[in-house]
Amino acid sequence: PGRQGGGQSSRRQVWILFLVIACGTWSIADGVADEVTYATSSDGGASRVAKGTVLDFNGQSLVLRTESGGEQRIPADRVLAIETTKTAPQRAAEAALENKDFGKAAEQYLAAFREERRAWVQRQIMAAYIECLVNSGNPERACVGFQALVQRDPETPYFASIPLRWTPYQPTPEFQREAITWLQDRENSLTALLGASWLLSTGQRAAAVQALERLSIDPDSRVVQLAQAQLWRTRLVSAGAEDVGDLRNLIDRMPSTLRGGPYFLLGRLLARQGDSQSAALAFLRVPILYPRDHQLAADALLSAGRELERIGQTGEAATLYREVAQEYPA
């Protein structure tokens, strides 16, 4: 209240867009033929395909109305893939995303959201939309969108879309003011985590560190691990060789989907210790396994190339430099 300007307008648009997610009022489309591939056991050794209509997919489970008319409930962590009907805007968005045209992809995902009537697909679309916002340089809107997504499904299967920062960054004055309000949120730990992450390289560093230390004992294990990983951004300069094992252990405890940023930090720590070969391998995990954050993937490729160049592997370094130029020209 009382604020004017484009930032206020963009936040209002995002919140209006996500109102349906928060309220959950749109109905499920009938007669949609879906195929769900899922692991038959927790070790993921075998898989099976089930056909029917997906009624819901959240952080707990996927509920499928089978072709025989019954219902099958599949644990969310065993869902491997979902084949479902997509609207023309969603297909156009995916094509634009594949071509790294993030602005166009975002526009098409918004159109797809308006056209879609299945709540679980809406949430899937918004996770992809958040990715586009991050990669098109709109982190504030991405953070607002993620908060709305989690509000509807706190255990969202798209938690890995959380837009955290892993490299130094100076937010705009308006974004910084907004992030300060998030940082002060004592009721929502994810909101505070987002604020701390984006303020860690600003004049609010001390307050951000204090918040991250508090979040390191949060009831939500995801928040705990990510807060602890974010704190490593402040420790790299003073860390010694004996600290490498601590960071590796933290990464090993984290869900595999959340390790991209921490692997980048591990690469920086190893590079500071003079272990260029191990640093390059840590950096390369990011673009290979976690390519959705294009800026981080590009930074990791460039960093890996520099470490290889330091140990005389100039041919391999040149290959990585060419990949940066070709795959991440922006």
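The model is a predicted one. It holds eight salt bridges, it has one cavity of 30 Å³ or more, and its count of disulfides comes to zero.

**Salt bridges**

- Among the eight salt bridges in the structure is one in which the side chains of lysine 100 and glutamate 327 meet, with a distance of 3.4 Å from N to O.
- Lysine 100 sits in the loop between α2 (88-98) and α3 (102-115), while glutamate 327 belongs to helix α14 (residues 314-327), so this pair ties together parts that are 227 residues apart in sequence.
- Lysine 100 counts as partly exposed, because its relative accessibility is 31%, and glutamate 327 likewise counts as partly exposed, with a relative accessibility of 35%.
- Another of the salt bridges joins the side chains of glutamate 116 and arginine 118, where the distance from N to O is 2.8 Å, and both glutamate 116 and arginine 118 are buried.
- A further salt bridge brings together the side chains of arginine 222 and aspartate 220 at 2.9 Å, N to O, and here too both residues, arginine 222 and aspartate 220, are buried.

**The largest cavity**

- The count of cavities of 30 Å³ or more comes to one, and the largest cavity contains about 40 Å³ of space.
- The lining of the largest cavity is made up of Phe146, Gln147, Val150, Asn188, Leu190, Thr191 and Leu194.
- Two helices, α5 (139-152) and α7 (189-199), each contribute at least two residues to the lining of the largest cavity.

- The residues that line the second largest pocket divide into twelve nonpolar, five polar and five charged.

**Cysteines**

- A disulfide calls for two cysteine sulfur atoms within 2.5 Å of each other, and by this rule the structure has zero disulfides.
- Cysteine 132 takes part in no disulfide, since the nearest cysteine sulfur, which belongs to cysteine 143, is 15 Å away and the cut-off is 2.5 Å.
- Cysteine 143 is likewise in no disulfide, and for this residue the nearest cysteine sulfur is that of cysteine 132, at 15 Å.
- Cysteine 132 is buried, with a relative accessible area of 0%, and cysteine 143 also counts as buried, at a relative accessibility of 0%.

Conventions: Residues are numbered from 1 along each chain as its sequence is written. This is a predicted model: local features need pLDDT of at least 70, side-chain atom pairs count only at pLDDT 80 or more; totals for chains, interfaces and linings use all residues. Side-chain values use heavy atoms; hydrogens and water are left out. Buried means under 20% relative accessible area, exposed over 50%, partly exposed in between (1.4 Å probe, protein chains only). On a 1 Å grid over the protein atoms alone, a cavity is a set of points where a 1.4 Å probe fits but cannot get out, and a pocket is an open set with protein on both sides within 12 Å along at least five of seven lines; lining residues have an atom within 4 Å of a point. Grid points are joined across faces, edges and corners, and a volume is the space filled by probe spheres set on the points. Helices (H or I, at least four residues) and strands (E, at least two) are DSSP runs, numbered from the N terminus. Ala, Val, Leu, Ile, Met, Phe, Trp, Tyr, Cys and Pro count as nonpolar, Asp, Glu, Lys and Arg as charged, and the others, Gly among them, as polar. A salt bridge is a side-chain nitrogen of Lys or Arg within 4 Å of a carboxyl oxygen of Asp or Glu.
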